[in-house]
Protein chains: 2
Amino acid sequence: MLTFNDPAKLQQWARLRRMKGEKIALVPTMGYLHEGHLSLIAAAKKKGAKQIVVSVFVNPVQFGPGEDYEKYPRDEKADFAKCRKAGATAIFLPSPRMMYMDDHSVYVNEESLSTGLCGARRPGHFRGVCTVLAKLFNIVNPHFAVFGQKDYQQVQVVKRMVRDLNFGIEIAVAPIVREESGLAMSSRNTYLSPVEQQNALAIYGALKMVRAKVRKVGKLPAATVRRQIAQFLAKNSLKPDYVEAVDAETLQPVEAIKKGVVVLIAAYSGKTRLIDNIII
Amino acid sequence: MLTFNDPAKLQQWARLRRMKGEKIALVPTMGYLHEGHLSLIAAAKKKGAKQIVVSVFVNPVQFGPGEDYEKYPRDEKADFAKCRKAGATAIFLPSPRMMYMDDHSVYVNEESLSTGLCGARRPGHFRGVCTVLAKLFNIVNPHFAVFGQKDYQQVQVVKRMVRDLNFGIEIAVAPIVREESGLAMSSRNTYLSPVEQQNALAIYGALKMVRAKVRKVGKLPAATVRRQIAQFLAKNSLKPDYVEAVDAETLQPVEAIKKGVVVLIAAYSGKTRLIDNIII
C-alpha cells in the first residue's frame with residue numbers, strides 16, 4: 001500500500017494509473033476507521049477498482065466553532081494497518097496546511113439540499129464537506145467514490161455537487177454498518193460512556209419502530225411520528241437535535257411517512273451528537 | 001473541427017483523447033469572437049496542444065440583474081468559422097439548460113481576490129465565473145486553459161481557484177489584443193457608436209500615460225494618479241466605474257505605482273461598460 005502526504009504527488013500518481021486504464025476508487029474518510037469505513041473499501045473492491053485510495057483527513061473547514069475538531073479521535077497508525085488489511089492500495093494522509101494554504105479563499109457551496117437537517121444545525125458544515133471533496137475529487141480523479149448511507153444528507157449533497165459541477169464521478173453508497181446492539185458505527189462512538197452508549201440505542205430503536213409500523217399500516221402522519229420519536233428519545237435521556245421525515249431525493253419534509261421516505265435523527269447522548277437514518 | 005452541445009459527450013471524448021496521451025487545451029469564451037479570442041487559440045497551438053477546445057457560452061450566472069445578458073452579442077455561425085480557421089479542433093456550444101439544470105444548486109465562490117474591482121461593482125459576477133469554469137474544467141479536463149490578460153482580475157481569481165481546489169490545470173495568459181486605435185478588443189465594443197468608440201480611446205490613453213510617467217520617474221503616488229485618470233476619463237465623456245492601482249498578485253490597493261503594479265480601469269462609454277489594464 002502506498003502512502004501519500006502531498007496532494008500534488010498523489011494527483012500525479014493517480015493520473016498515471018488512470019492513463020494505464022486502471023479503475024480508481026476513492027474512499028474519503030476522517031480516519032479513526034471502524035467497520036463502517038472498511039465496508040466502503042470492501043464495496044470499492046467489489047465494484048472492481050484496481051486502485052483504492054483511502055483519504056484520512058479531519059477536515060477543519062467542515063467543523064463549526066465549538067464543535068469537536070480538536071478532540072476528534074485520530075489514530076493514523078491503526079488506520080494505516082486497517083486500510084492495508086482491507087485491501088486499499090493507497091492511503092492519503094495530508095496535513096491541514098497541505099490542504100489549505102494560509103490564504104485559501106475558494107469554497108464550494110450547495111445551496112438547496114444542504115440547508116435543512118444537519119446543514120441547518122451545523123452552519124458551514126456542508127460548505128466544508130463540498131470544498132474538501134471537490135479537492136479530493138480533483139486530486140484523485142477517481143472513476144467512483146464510495147460513501148456511507150449513515151451520512152444520508154451528505155450523500156445527496158455530494159451527488160448534487162457531482163452533477164452540477166460535472167465531475168463525471170460515480171457516487172456509490174454503502175449501507176449503514178451497525179454494532180450488534182444496533183448502534184450505527186461512528187468514530188464519535190468512542191466518546192460515549194457505557195451508559196450513554198446504552199441510551200443511544202434508542203435512536204435506531206425508534207427508527208426500526210417507525211419502519212415496522214409503516215410496513216403494517218402503509219403510512220403514518222409525519223408530525224405525530226416526529227413528536228413520538230422525540231418523546232421516546234427524551235425518555236432515554238437523549239436530547240434530540242432534529243427528527244425529520246423527508247423525501248429521499250429532494251430532502252424536503254413530507255407530511256406522510258410511507259415507502260421511500262427517509263426518517264433521520266440527530267440526537268445528543270451526553271455531549272456526543274449522533275446521527276442515524278432509515279429508508280422506509 | 002468537432003462540434004459538441006452535450007457536456008457529457010464532450011467529457012467522454014476529452015477523456016478518451018487524454019487517455020491517448022494527447023495534450024488538451026481549453027479556451028473558454030462567451031463567443032462573438034474577435035482577434036483577442038483568436039490569439040488565445042493561437043497561444044494554445046503554440047504551447048503544443050493537440051486538441052484545442054473552444055467553449056462558446058454566454059454564462060447567465062455571471063451576469064447581474066440589469067446587466068446585458070439578454071443583449072450580449074451572439075453569432076454562433078461566425079464563431080464556428082473563426083474557430084475552425086484559427087485551428088481549434090473542437091467547439092463546445094451548450095445551451096443554458098444543458099449547463100444549468102432547473103434545480104442547479106452548487107456554486108464556487110472565491111472570497112478574497114474577487115471582492116474588489118469588478119467583483120465589488122458586479123456582485124455575484126465571479127461566483128458565476130468560478131462556477132462555469134469549474135464545470136468546463138471538469139468537462140474538458142484540459143492540461144491547460146488560456147485566458148486573456150484583459151480580464152486581469154478574472155485571471156487571478158481563476159488561478160486561485162485552480163490552486164485551492166487542486167484542479168491540476170495550468171493557466172496560461174495571453175496579452176491584451178488592441179484595435180489599431182489602442183482600444184482593447186471586446187465583444188462589447190460592438191455596442192459603441194462611433195463617438196463612444198472615439199471617447200473610449202481615453203482609457204488606454206490614460207494607462208499608457210501612467211506607464212510612461214512611471215518609467216521616467218520610478219514611482220508615483222496612487223491616490224493622485226487615480227484622481228488624475230478619473231478626471232481625464234470624465235473630460236473624454238467617460239463615466240469611470242473604478243480606477244485602481246493594485247498589487248499584481250494579491251490585488252490589494254497600493255500606495256505607490258511602480259514596476260509590477262497593475263493599473264485597472266472600468267468605465268462607461270455611453271451605456272457600455274469597458275475594462276482595460278496595464279502592468280507597469
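Q: Two residues count as in contact if their C-beta atoms, placed from the backbone, lie within 7 Å; by that test, what covers the buried residues of α1(B)?
A: In this predicted model, the cover includes β1 (2–4), β2 (24–29), β3 (51–56) and β4 (90–92), together with the helices α4 (96–99) and α6 (125–140), each belonging to chain B.

Q: What makes Pro7(B), Leu10(B), Ala14(B) and Arg17(B) the buried residues of α1(B)?
A: A residue is called buried if 20 or more other C-beta atoms lie within 10 Å of its own, and in α1(B) the residues that are buried are Pro7(B), Leu10(B), Ala14(B) and Arg17(B). They cover an arc of only 90 degrees around the axis, and therefore lie on the same side of α1(B).

Q: How do you know that the span of helix α1 of chain B agrees with what its 13 residues should give?
A: The expected span is 1.5 Å times one less than the number of residues, which for residues 7–19 comes to 18 Å, and since the end C-alpha atoms are 18 Å apart, the two values agree. After α1(B) comes Gly21(B), whose phi is positive, near 90 degrees.

Q: Why are the two copies said to be related as by a two-fold rotation axis?
A: Chain B is superposed on chain A by a rotation of 180 degrees with 0.0 Å of shift along its axis, at an RMSD of 0.0 Å, and the relation is thus that of a two-fold rotation axis. In chain B, the C-alpha nearest this axis belongs to Val108(B), at 2.3 Å from it.

Q: How do you know that the copies meet through the same surface?
A: Of the interface residues of chain B, 100% are also interface residues in chain A, so the surface used by the copies is the same. The contact involves 25 residues of chain B and 25 residues of chain A. On the side of chain B that touches chain A, the elements giving two or more residues are α1, β5 (106–110), α6 and α7 (152–164), and β5(B) gives the largest share, 5 residues. That side divides into 11 nonpolar, 8 polar and 6 charged residues.

Q: What makes β5 of chain A and β5(B) a pair of strands?
A: Pairing requires at least two bridges, and these strands pair over 5 bridges, in the antiparallel sense. Within this pairing, Tyr107(A) stands opposite Asn109(B).

Notes: Residues numbered from 1 in each chain as written. Chains lettered and ligands numbered in written order. Predicted model: local features only at pLDDT ≥ 70, side-chain atom pairs only at ≥ 80, totals over all residues. Helix = DSSP H or I, 4+ residues; strand = E, 2+ residues; numbered from the N terminus. Buried ≥ 20, exposed ≤ 12 C-beta atoms within 10 Å, placed from the backbone. Arc of directions from axis to C-beta. Least-squares fit on C-alpha atoms with pLDDT ≥ 70 in both. Nonpolar A, V, L, I, M, F, W, Y, C, P; charged D, E, K, R; others polar.
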